[in-house]
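Student: I have a model open on my screen. Can you walk me through reading it?
Tutor: Gladly. Let us take it feature by feature.

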Amino acid sequence: MDATVSTGKSLVKVWSPYIRLFHWLLVLCVAVAWLSSGEIMKVHELAGYSAGILIASRLIAGLLGSRYARFRQFVRGPGAVTEYLADVAHRRERRYLGHNPAGGAMVLALLCCVAGIALTGWMQTTDAYWGVAWVEDTHKILGNGILVLIGLHVGGVLLASLRHHENLVRAMVTGRKRAPSRDDIA
Ligand code: HEM
Ligand code: HEM
């Protein structure tokens, strides 16, 4: 059993302080960047670059960070994701202490989307790509398309919270979740 899982206690540490700070700062930066787009460009660029830096730090944590931060812990293939979604449809999905397979796929999608937005945003400030239509279009499509991902992400979080009778949003604040039972995947 992993060191972070302490038996005899009802709550165990799952999300490190870094992951929690990363998550809520990313939410803030993406929200500010989106709301300021086409309006206050200094604020837009500052928030957008900050989001990009957060993603870069998350890539390092995904390789070297704590147990539940590591990509190896939660990134699954398409087969495992489909199987998990079929289990959800049949109301028989197991509880995961870290990200479940569908949640893990969504985490990757969100990270890639923010990275793509920040990259195409920065490209628009360079001589080589300034005014290039595909760069502007990609930035707009990803910048607005991320709202769909966020909607699905929050929907998935709420669904999993209801199904497993635990407040996952609070867990992303406190870092703690209910200790795993025998049927759960730790
Ligand atoms: C701009 C909007 C958002 C983005 C870009 C975003 C991104 C992410 C990312 C990247 C993770 C993975 C955390 C990690 O392992 O590093 C995550 C997890 C999580 N997010 Fe968000 N998030 C957003 C909005 C929200 C909101 C509004 C909520 C609350 C309703 C929320 C609740 C959560 C929770 C509970 C988890 C953990 C999921 C789990 O238990 O597997 N997120 N989010
Ligand atoms: C998470 C980060 C970001 C998000 C969510 C985001 C989102 C958006 C959105 C939604 C638009 C408006 C598209 C439209 O007209 O429908 C936009 C425009 C733009 N963004 Fe970003 N962006 C981000 C980061 C950046 C960065 C880092 C830069 C550059 C430093 C940047 C530069 C621009 C520019 C130059 C425009 C065009 C403004 C205009 O035509 O008025 N963005 N962005």
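Student: Which residues does Val-14 touch, not counting residues up to four places away in sequence?
Tutor: One caution before the list: this is a predicted model. Val-14 touches Tyr-68, Leu-97, Gly-98, Ala-171, Gly-175, Arg-176 and Lys-177. Val-14 itself sits in the loop between strand S1 (11-13) and H1.

Student: Is Val-14 buried or exposed?
Tutor: Count the C-beta atoms around it. A residue is buried if 20 or more other C-beta atoms lie within 10 Å of its own. Val-14 has 25, so Val-14 is buried.

Student: How many of the protein's residues count as buried?
Tutor: The figure is 18% of the 186 residues.

Student: What separates Val-14 from Thr-120?
Tutor: Along the chain, 106 residues.

Student: Now the overall layout. Which secondary structure does the protein have?
Tutor: Seven helices and two strands. Along the sequence the pattern reads β-α-α-α-α-α-α-α-β. The C-alpha trace spans about 60 × 35 × 25 Å along its principal axes. Look at the contacts too. Among those between residues at least 6 apart in sequence, 64% join residues at least 24 apart.

Student: How do I read a pair of helices?
Tutor: Two numbers describe two packed helices: the angle between their axes and the distance between the axes. Take helix H5 (residues 101-123) and helix H6 (residues 133-163). Their axes come within 9 Å and cross at roughly 155°. That angle makes H5 roughly antiparallel to H6. The crossing of H5 past H6 is left-handed.

Student: Which residues make the contact of H5 with H6?
Tutor: On H5, they include Ala-102, Gly-103, Met-106, Ala-109 and Leu-110. On H6, they include Val-135, Thr-138, His-139, Leu-142 and Gly-156. By class, this contact of H5 with H6 has 12 nonpolar, nine polar and no charged residues.

Student: What does Gly-156 touch, not counting residues up to four places away in sequence?
Tutor: Gly-156, in helix H6, touches Ala-102, Gly-103 and Met-106. With 18 other C-beta atoms within 10 Å, Gly-156 is partly exposed. Cys-29 is 127 residues from Gly-156 in sequence and 21 Å away in space, C-alpha to C-alpha.

Student: At what angle do the axes of H4 and H5 cross?
Tutor: Roughly 125°, with the axes coming within 8 Å. H4 and H5 are therefore oblique to each other. Ala-80, Val-81, Tyr-84 and Leu-85 in H4 meet Pro-101, Ala-102 and Ala-105 in H5. By class, that contact of H4 with H5 has seven nonpolar, no polar and no charged residues.

Student: On to the ligands. How many residues surround ligand 1?
Tutor: 21 residues, and the closest are Val-30, His-99, Gly-103, Leu-168 and Met-172. H1, H5, H6 and helix H7 (168-174) each supply at least two residues of this shell. H1 gives the largest share, seven residues. By class, the shell around ligand 1 has 16 nonpolar, four polar and one charged residues.

Student: And how many residues surround ligand 2?
Tutor: 22 residues, with Ala-33, Ser-37, Gly-48, Gly-121 and Gly-143 the closest. The elements giving two or more residues to this shell are helix H1 (17-36), helix H2 (41-64), H5 and H6. The shell around ligand 2 divides into 10 nonpolar, 10 polar and two charged residues.

Student: Last topic: backbone angles. What should I expect of phi?
Tutor: Most residues other than glycine have a negative phi. Arg-91 is not a glycine, yet its phi is positive, about 55°. Arg-91 is placed in the loop between helix H4 (78-89) and H5. With 7 other C-beta atoms within 10 Å, Arg-91 is exposed.

Student: Where does His-165 lie?
Tutor: In the loop between H6 and H7. His-165 has a positive phi of about 50°, although it is not a glycine.

Student: Is His-165 buried or exposed?
Tutor: His-165 is exposed, with 8 other C-beta atoms within 10 Å.

Terms used
Residues are numbered from 1 along each chain as its sequence is written. Chains are lettered from A and ligands numbered from 1 in the order in which they are written. This is a predicted model: local features need pLDDT of at least 70, side-chain atom pairs count only at pLDDT 80 or more; totals for chains, interfaces and linings use all residues. Axes are lines fitted to C-alpha atoms, for helices over the stretch in contact, and angles run from 0 to 180 degrees between N-to-C directions. Helices (H or I, at least four residues) and strands (E, at least two) are DSSP runs, numbered from the N terminus. Angles under 35 degrees count as roughly parallel, over 145 as roughly antiparallel, 65 to 115 as roughly perpendicular and the rest as oblique. A crossing is left-handed if the near helix is turned anticlockwise from the far one by less than a right angle, and right-handed if clockwise. Two residues are in contact if their C-beta atoms, placed from the backbone, lie within 7 Å. Ala, Val, Leu, Ile, Met, Phe, Trp, Tyr, Cys and Pro count as nonpolar, Asp, Glu, Lys and Arg as charged, and the others, Gly among them, as polar. A residue is near a molecule or strand if its C-beta atom, placed from the backbone, lies within 6 Å of it. A residue is buried if 20 or more other C-beta atoms lie within 10 Å of its own, exposed if 12 or fewer, and partly exposed in between; C-beta atoms are placed from the backbone.
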